[in-house]
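Thanks, everyone; I would like to take a few minutes to walk through this model, beginning with the backbone and ending at the ligand. Please have the structure open while I talk.

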Amino acid sequence: MSWLASVITLFPEMFPGPLGQSLAGRALEDGVWSIRTHDLRAHGLGRHRAVDDTPFGGGAGMVMRPDVVDAAIGAATEGLDLPLVYLTPRGRRLEQADIRRFAAGPGVALLCGRYEGVDERVLEARAVEQYSIGDFVLSGGETAALVLLDACVRLLPGVMGSEQSGVEESFSDGLLEYPLYTRPAEWQGRAVPPVLLSGHHAQVEAWRKQQAEDATRVRRPDLWAAYADRTPQRNGLPV
Ligand code: ADE
């Protein structure tokens, strides 16, 4: 059986969206992975199929009802043993290690929130894992779900083909990737760093390592601190 994405959403037509194209799209056609959407509205209540209501305690916006969400989760996970993930800015930060764990399993069930969010009780009752893709607020969880799926699908066996060796470039060593250059060797007066044209493999590797470390230190002090903690030091610099 192929890797399964079981998606609970008010907007099923948003899937597979961009994941129907390119590498992920080919893998979908080839049956490497599959996607099922579950329309929350189908579990809505009353003539208007209501899925939300006003927050107890007052405040802006609407909250997704626990009974409706629970019924949708039941439909989306029936007979399946998948991790259940809710995409929310309140979640733990989604990291490559989480992606590796999801990709290594049978698939993932994704709950996409709209409005202000989901009633807390159904998240507790269903032991939902909560993840955020970054410290910004999207209009709904669907685009975050697409991000999570893209990151998982490219790790599935066969999806990257001959590029498989490059699957884990950034983050595998805790550093940002080194900068890339291709032809022409000079463009608009800008030359490619000469070491890359030198043919000295060891010097190229050393230069790339240095560039990766410099970029990480300047742009991502959080990653740099974790890297520096794990890496032997000489004069405060990695050796
Ligand atoms: N839903 C809304 N914003 C989100 C975010 N930053 N990450 C995950 N899900 C979200």
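Pro184 sits in the loop that runs between α5 (142-153) and β9 (186-187), and in this predicted model the peptide bond that joins Arg183 to Pro184 is cis, with omega about 5°. A cis bond also leads from Phe15 to Pro16, where omega is near -5°, and Pro16 again belongs to a loop, the one between β1 (3-9) and α1 (22-29).

These bonds deserve a look, as do the phi angles I turn to now, because most peptide bonds are trans and most residues other than glycine have a negative phi. Ser22, which lies in helix α1, has a positive phi near 60°, and Ser22 is exposed, since 11 other C-beta atoms lie within 10 Å. Ala127, which is not a glycine either, shows a positive phi of about 50°; Ala127 is placed in the loop between α4 (120-125) and β8 (129-132), and it counts as exposed because it has 8 C-beta neighbours inside 10 Å.

On the overall layout, the domain assignment divides the protein chain into domain 1 (3-162) and domain 2 (170-238), and the C-alpha centres of domain 1 and domain 2 are 36 Å apart.

Finally, which residues are around the ligand? They are Leu87, Thr88, Pro89, Ser132, Ile133, Gly134, Phe136, Val137, Leu138, Gly141 and Ala144. Strand β5 (residues 84-93) contributes the most to this shell, with 3 residues, and by class the shell holds 7 nonpolar and 4 polar residues, with no charged ones.

Key. Residues are numbered from 1 along each chain as its sequence is written. This is a predicted model: local features need pLDDT of at least 70, side-chain atom pairs count only at pLDDT 80 or more; totals for chains, interfaces and linings use all residues. A residue is near a molecule or strand if its C-beta atom, placed from the backbone, lies within 6 Å of it. Helices (H or I, at least four residues) and strands (E, at least two) are DSSP runs, numbered from the N terminus. Ala, Val, Leu, Ile, Met, Phe, Trp, Tyr, Cys and Pro count as nonpolar, Asp, Glu, Lys and Arg as charged, and the others, Gly among them, as polar. Domain bounds come from an automatic or database domain assignment. A residue is buried if 20 or more other C-beta atoms lie within 10 Å of its own, exposed if 12 or fewer, and partly exposed in between; C-beta atoms are placed from the backbone.
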